[in-house]
Amino acid sequence: MSSEITSSSSRVGQPGLPPVLFEGRRYLQIMNGEREGLGQRTGLLAVVDLASGTRSVVKVYDYPRAEGLEPDAGDVFFTALELDAGRRELRIVNEHGQHFTYGLDDGVVRAMP
């Protein structure tokens with residue numbers, strides 16, 4: 001029996017994180033923005049106003065496509081999407097360990113050191 005592990009550049013997507021519901025809005029990771037014509041696959045946050053059903057899209061981070069890999073192989077998904085109600089922001093961490101905040105009042109994404 002061989003202990004050799006083989007791998008492919010293709011991968012199954014990260015399990016979706018539960019959406020954050022706050023003050024009549026739902027915040028959730030977009031799992032494949034290209035399918036929706038958004039110009040990149042991952043790194044996107046959807047903001048849905050529950051009363052009107054309107055949806056906006058926020059780019060949290062760029063998704064540079066790596067040369068030579070299948071489209072899904074280089075995906076960088078959120079690993080955390082959490083509400084800090086006191087600071088009125090969402091905290092987002094991605095698979096590369098990068099941290100971001102999204103201001104609920106100003107709609108600004110900030111990269112954290």
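# Strands, core and buried loop residues

From the N terminus on, the elements of the protein chain run β-β-β-β-β-β-β-β. This is a predicted model, in which local features need pLDDT of at least 70, side-chain atom pairs count only at pLDDT 80 or more, and totals for chains, interfaces and linings use all residues. Residues are numbered from 1 along each chain as its sequence is written, and side-chain values use heavy atoms, with hydrogens and water left out.

Q: How many helices and strands does the protein chain have, and what makes a run count as one?
A: The chain has 0 helices and 8 strands. Helices (H or I, at least four residues) and strands (E, at least two) are DSSP runs, numbered from the N terminus.

Q: What is the average pLDDT of the protein chain?
A: The average is 86, and 80% of the residues score at least 70. pLDDT is the predictor's confidence in each residue, from 0 to 100.

Q: Why is Phe-78 called buried?
A: Buried means under 20% relative accessible area, exposed over 50%, partly exposed in between (1.4 Å probe, protein chains only). Phe-78 has a relative accessible area of 0%, so it is buried. Phe-78 is found in strand 5. In sequence Phe-78 and Gln-29 are 49 residues apart; in space they are 7.2 Å apart, C-alpha to C-alpha.

Q: What share of the protein chain is buried?
A: Buried residues make up 35% of the 113 residues.

Q: What makes a set of residues a nonpolar core, and which have the most contacts inside the largest one?
A: The set must be buried Ala, Val, Leu, Ile, Met, Phe, Trp, Tyr and Cys residues joined through side-chain atoms within 4.5 Å. The largest has 16 residues, and those with the most contacts inside it are Tyr-27, Leu-45, Val-60, Leu-90, Ile-92 and Tyr-102. Strand 1 (20-22), strand 3 (44-49), strand 5 (78-84), strand 6 (89-94) and strand 7 (99-103) each supply at least two residues of this core.

Q: Which residues is Ile-92 in contact with, leaving aside its neighbours within four places in sequence?
A: Among them are Leu-45, Val-60, Phe-78, Ala-80, Phe-100 and Tyr-102.

Q: How do you know that strand 3 and strand 4 pair?
A: Two strands pair if DSSP finds at least two bridges between them. Strand 3 and strand 4 (residues 55-59) have 5 bridges, in the antiparallel sense. Leu-45 stands opposite Val-58 in strand 4. The two strands form a hairpin with 5 residues between them, and Gly-53 in the turn has a positive phi of about 80°.

Q: Why is Asn-32 called buried?
A: Its relative accessible area is 11%, so Asn-32 counts as buried. Asn-32 lies in the loop between strand 2 (25-30) and strand 3.

Q: What makes a polar contact, and which backbone nitrogens does the Asn-32 side chain reach?
A: A polar contact is a pair of N or O atoms within 3.5 Å; within protein, one must be able to donate a hydrogen and the other to accept it, and residues adjacent in sequence count only if both atoms are side-chain atoms. The backbone nitrogen of Glu-34 lies 3.2 Å from a polar atom of the Asn-32 side chain. For the backbone nitrogen of Arg-35, the distance is 3.1 Å.

Q: Why does Thr-42 count as buried?
A: Its relative accessibility is 0%, so Thr-42 is buried. Thr-42 is found in the loop between strand 2 and strand 3. Its side chain reaches the backbone oxygen of Val-76 at 3.2 Å.

Definitions and conventions:
Contact means heavy atoms within 4.5 Å.
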